[in-house]
Amino acid sequence: VFIKNTGIVLWFTGLSGSGKTTIAQELCRTLNALNKKAIILDGDEVRRTYNYPLGFSREDVRKHNHFVAELAREKSASHDVIIVSLVSPYRDVRESVRSIVGEGYLEIFIDCPLSVCEDRDVKGLYKKARDGEIKNFIGISESTPYEIPQNPHITIKTGTMNLDKSIEVFLNELRVRGHV
């Protein structure tokens with residue numbers, strides 16, 4: 001089934017705790033206030049909603065990212081902006097996601113040092129990974145590194161940039177591209 005894309009997909013990638021969800025929520029609120037039809041596809045929410053029981057292995061991450069990419073492409077037919085918030089750690093998987101989503105794909109690197117993410121650790125995942133309770137945790141386990149994007153469309157440095165400035169960067173980019 002061919003789906004004509006009309007919306008833009010902002011694919012947020014970054015470590016757990018980097019600020020992807022916080023920025024996604026504020027950006028979605030801001031865009032909706034500007035009468036843009038925006039939604040968030042958050043990795044954790046997609047897993048819960050679709051009862052998608054995958055772990056953190058490279059293959060599970062690939063499957064999850066591809067599933068979310070298909071959802072984003074589908075939603076782009078009826079939304080102006082789809083904000084995807086996933087760790088999405090592997091370059092090759094992000095490239096395949098780009099081909100699934102199509103021309104409306106923008107890669108967004110939510111750049112935050114591992115030490116800051118661990119200090120935030122709102123879900124307690126880093127502690128569990130360090131204690132050996134979570135295997136293959138991305139960014140901690142040598143078998144599952146986080147591969148920094150080489151040429152993202154936008155980089156947001158959440159270790160030094162506040163939320164308001166982050167939203168301003170997005171709005172400026174979306175204006176330049178004709179989406180706001």
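This is a predicted model: local features need pLDDT of at least 70, side-chain atom pairs count only at pLDDT 80 or more; totals for chains, interfaces and linings use all residues.
User: Which helices and strands does the protein have, and in what pattern?

Analyst: There are 7 helices and 5 strands. Walk along the sequence and you read β-α-β-α-α-β-α-β-α-α-β-α. As for contacts between residues at least 6 apart in sequence, 74% of them join residues at least 24 apart. And 44% of the 180 residues count as buried.

User: Why is serine 88 called buried?

Analyst: Buried means under 20% relative accessible area. Serine 88 has 2% relative accessibility, so it counts as buried. You'll find serine 88 in the loop between strand 3 (81–85) and helix 4 (91–101).

User: How do you know that the side chains of serine 88 and asparagine 65 make a polar contact?

Analyst: The cut-off for a pair of N or O atoms is 3.5 Å. The side chains of serine 88 and asparagine 65 are joined at 2.6 Å, and that is a polar contact. Leaving out residues up to four places away in sequence, serine 88 touches Trp11, Thr13, Asn65, Arg94 and Tyr146.

User: What does tryptophan 11 touch?

Analyst: Again leaving out residues up to four places away in sequence, tryptophan 11 touches Asn65, Val68, Ala69, Val84, Leu86, Ser88, Val97, Tyr105, Leu106, Glu107 and Ile108. Trp11 also belongs to the largest nonpolar core, which has 30 residues. Val9, Trp11, Leu41, Val68, Ile82, Val84 and Val97 are the ones that touch the most other members there.

User: Which elements give two or more residues to this core?

Analyst: They are strand 1 (8–13), strand 2 (38–42), helix 3 (58–75), strand 3, helix 4, strand 4 (105–111) and helix 6 (125–130). Helix 3 gives the largest share, 5 residues. Another core lies apart from this one: it has 20 residues, among them Leu10, Leu27, Ile83 and Leu174. As background, nonpolar side chains tend to be buried together in soluble globular proteins.

User: Why is histidine 64 called buried?

Analyst: The limit is under 20% relative accessible area. Histidine 64 has 3% relative accessibility, so it counts as buried. Histidine 64 sits in helix 3, and its side chain reaches the backbone oxygen of glycine 43 at 3.4 Å.

User: Which residues of helix 1 are buried, and why do we say they line one face?

Analyst: In helix 1 (residues 20–33), the buried ones are Lys20, Ile23, Ala24, Leu27, Cys28, Thr30 and Leu31. Look down the axis of helix 1 and these buried residues fall within an arc of 165°, so they line one face of the helix. The face turned away from the buried side carries the exposed residues Arg29 and Ala33. As for packing, the buried residues of helix 1 sit against strand 1, strand 2, strand 3, strand 4, strand 5 (154–157) and helix 7 (163–176).

User: What about helix 7: which residues are buried, and why do they line one face?

Analyst: Ser166, Ile167, Phe170, Leu171 and Leu174 are the buried residues of helix 7. Seen down the axis of helix 7, they fall within an arc of 135°, so they line one face of the helix. On the other side of helix 7, Asp164 and Val176 are exposed. The buried residues of helix 7 pack against strand 1, helix 1, strand 4 and strand 5.

User: What happens at the start of helix 7 and just after it?

Analyst: At the start, a side-chain oxygen of asparagine 162 reaches to within 3.2 Å of the backbone nitrogen of aspartate 164. Just after helix 7, glycine 178 takes a positive phi of about 80°.

Conventions. Residues are numbered from 1 along each chain as its sequence is written. Side-chain values use heavy atoms; hydrogens and water are left out. Helices (H or I, at least four residues) and strands (E, at least two) are DSSP runs, numbered from the N terminus. Buried means under 20% relative accessible area, exposed over 50%, partly exposed in between (1.4 Å probe, protein chains only). A polar contact is a pair of N or O atoms within 3.5 Å; within protein, one must be able to donate a hydrogen and the other to accept it, and residues adjacent in sequence count only if both atoms are side-chain atoms. Contact means heavy atoms within 4.5 Å. A nonpolar core is a set of buried Ala, Val, Leu, Ile, Met, Phe, Trp, Tyr and Cys residues joined through side-chain atoms within 4.5 Å. The expected span of a helix is 1.5 Å times one less than its number of residues. The arc is that of the directions from the helix axis to the C-beta atoms.
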